[in-house]
Amino acid sequence: MCKIKTFSKGGIHPDKYKITTDSPIISAGLPEFVTIPVKQHIGSPAKILVSVGDKVKVGTHIADADGIVSADVHSSVSGEVVKIEAVEGGIGYLEDMITIKVEGDEFEETINLSNDVNREIPYTAEEIINKIREAGIVGMGGAGYPTPIKTSIPEDKKVDTLIVNGIECEPFLTADDRLMVEKAEQIVIGAKIINKALGIQNAIIAIDENKPKAIEIISKITKTYVGVNVQVCATKYPQGGEKQLITAITGREVPSGKLPYDAGCLVQNVGTVFAVYEAIMKNKPLYERVVTISGDTCLHPANYMVRIGTPASFLIEQAGGLTPETTQVIFGGPMMGISALNLNAPITKTTSGILLLSDAVAGKSPETDCIRCGKCVDACPIGLQPYLISNLVQNNQIDELKNCHVLDCIECGCCAYICPAHIPLLDYCKLAKMELRKKN
């Protein structure tokens with residue numbers, strides 16, 4: 001085993017709360033209705049292809065990528081399209097969505113539903129990228145960047161290393177951990193597929209040291225696959241950030257304002273890599289994903305395989321429902337996730353978890369004055385000065401923010417977590433980025 005690696009600048013060690021680590025992935029079942037957003041990715045919304053009254057199957061193409069940066073959308077259920085309208089999403093925005101009444105569970109005939117593991121890759125690099133595009137695959141670690149765009153490296157750039165991100169450093173979340181334990185070989189083959197698309201022979205699966213079972217299983221499998229290896233990383237947040245992971249694995253730095261391929265790397269989440277395997281080897285569009293439902297007030301924490309468009313409320317009921325102690329529901333992890341404004345909002349391609357939390361764990365405390373302790377500066381993995389950014393935003397000194405490099409902020413939340421005054425530093429950093437982009 002290689003030496004355990006990590007990034008050197010900043011970072012924190014929040015409580016892990018990985019209470020579903022040993023919980024196998026189970027089916028969430030089918031709700032009465034699914035409501036599928038046509039924008040589950042960075043870029044333009046997909047163009048709707050169906051009409052009210054149309055019958056669809058699982059895997060039916062219902063919205064087409066519209067523009068260079070966009071992604072196809074597929075039905076996750078079989079049934080009838082009953083509504084197409086703008087609906088409030090989980091964070092309060094109106095989004096165009098397609099509502100389907102579930103009728104049975106009939107799949108498109110082109111999808112291979114067998115459990116056999118297919119190991120031979122019968123496609124060219126161009127064919128692989130086209131099939132990834134047709135499957136509607138996007139980054140499933142949170143950002144939702146369309147995968148075919150990410151794997152199409154500009155001609156003036158050179159990538160020599162694929163990093164498969166299996167860190168999952170947010171507290172509570174274990175969806176990626178369970179996927180690596182239960183679908184290890186498929187993930188390794190998925191890495192080989194992306195290698196072939198990139199024309200390279202070097203894939204490194206990065207796994208946090210607090211996932212011993214995943215490390216053991218994948219390390220054993222990679223011994224039979226040339227060009228794919230495992231690298232264990234130290235348990236530190238935000239180890240899963242692209243820039244931090246690249247530095248930890250390769251020692252290279254991604255320059256300010258640049259992208260991973262400027263450091264010769266491509267980073268893909270393990271969920272994305274598994275989806276690539278299923279698209280290429282099983283002709284399966286991205287219509288479901290693993291979601292962790294957990295939290296200190298969750299009665300039955302679990303890892304569910306969930307159809308896209310399933311209401312969050314359906315999943316919450318599967319886990320025992322809300323309790324009186326639940327004061328906050330978060331979509332995603334507690335560090336970078338977003339408080340839910342609508343519990344009927346649908347699960348999307350980028351939903352990694354739903355957390356039911358009490359005030360004690362959610363960290364709700366009254367804000368006090370900054371004591372100039374500098375802990376936020378020490379914790380920032382980018383080397384920013386969050387306290388200064390906060391002051392400039394509050395005093396509307398937007399022009400001076402340019403010199404603070406706030407656009408490099410990865411919104412990890414380390415600053416807010418570590419602040420003894422409970423100042424919402426992350427919110428101020430987000431606001432600063434928004435104001436700067438408005439001016440530009």
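Trainee: What follows H1, and what is its phi like?

Mentor: Glycine 136 follows H1, and its phi is positive, near 70°. Helices here (H or I, at least four residues) and strands (E, at least two) are DSSP runs, numbered from the N terminus. Keep in mind that this is a predicted model: local features need pLDDT of at least 70, side-chain atom pairs count only at pLDDT 80 or more, and totals for chains, interfaces and linings use all residues. Residues are numbered from 1 along each chain as its sequence is written, and side-chain values use heavy atoms, with hydrogens and water left out.

Trainee: Which residues of H1 are buried?

Mentor: In H1, residues 125–134, they are Ile128, Ile129, Lys131 and Ile132. Buried means under 20% relative accessible area, exposed means over 50%, and partly exposed is in between (1.4 Å probe, protein chains only).

Trainee: Why are they said to be on the same side of H1?

Mentor: Because they cover an arc of only 160° around the axis. That arc is taken from the directions from the helix axis to the C-beta atoms.

Trainee: And what covers them?

Mentor: The cover includes helix H2 (147–150), helix H4 (184–198) and helix H7 (270–282).

Trainee: OK, on to H6. What is buried there?

Mentor: In H6, residues 242–250, the buried ones are Gln244, Leu245, Ile246, Thr247, Ala248 and Ile249. Their cover includes E9, E10, E11 and strand E12 (265–269). Glycine 251 comes after H6, with a positive phi near 80°.

Trainee: Which residues touch the most other members in the largest nonpolar core?

Mentor: Ile137, Leu162, Val164, Ile187, Ile207 and Ile218, out of 47 residues. A nonpolar core is a set of buried Ala, Val, Leu, Ile, Met, Phe, Trp, Tyr and Cys residues joined through side-chain atoms within 4.5 Å. H1, E9, H3, H4, strand E10 (203–208), helix H5 (212–222), strand E11 (228–233) and H7 each supply at least two residues of this core. Apart from it lies another core of 21 residues, among them Ile389, Ile398, Ile423 and Cys429.

Trainee: What does leucine 162 touch?

Mentor: Not counting residues up to four places away in sequence, leucine 162 touches a list that includes Ala191, Ile194, Leu266 and Gln268. Contact means heavy atoms within 4.5 Å.

Trainee: New topic: how many aromatic pairs are there?

Mentor: Two aromatic pairs. Rings of Phe, Tyr and Trp (its six-membered ring) pair if their centres lie within 6.5 Å; planes under 30 degrees apart count as stacked, over 60 as edge-to-face and the rest as tilted. Tyrosine 17 and phenylalanine 172 have ring centres 4.7 Å apart and planes at 5°, so that pair is stacked. The two residues are 155 residues apart, with tyrosine 17 in the segment before strand E1 (25–27) and phenylalanine 172 in the loop between strand E9 (161–166) and helix H3 (175–182).

Trainee: Last one: where is glycine 309?

Mentor: Glycine 309 is in the loop between strand E14 (302–307) and helix H8 (312–318), and it counts as buried at 1% relative accessibility.
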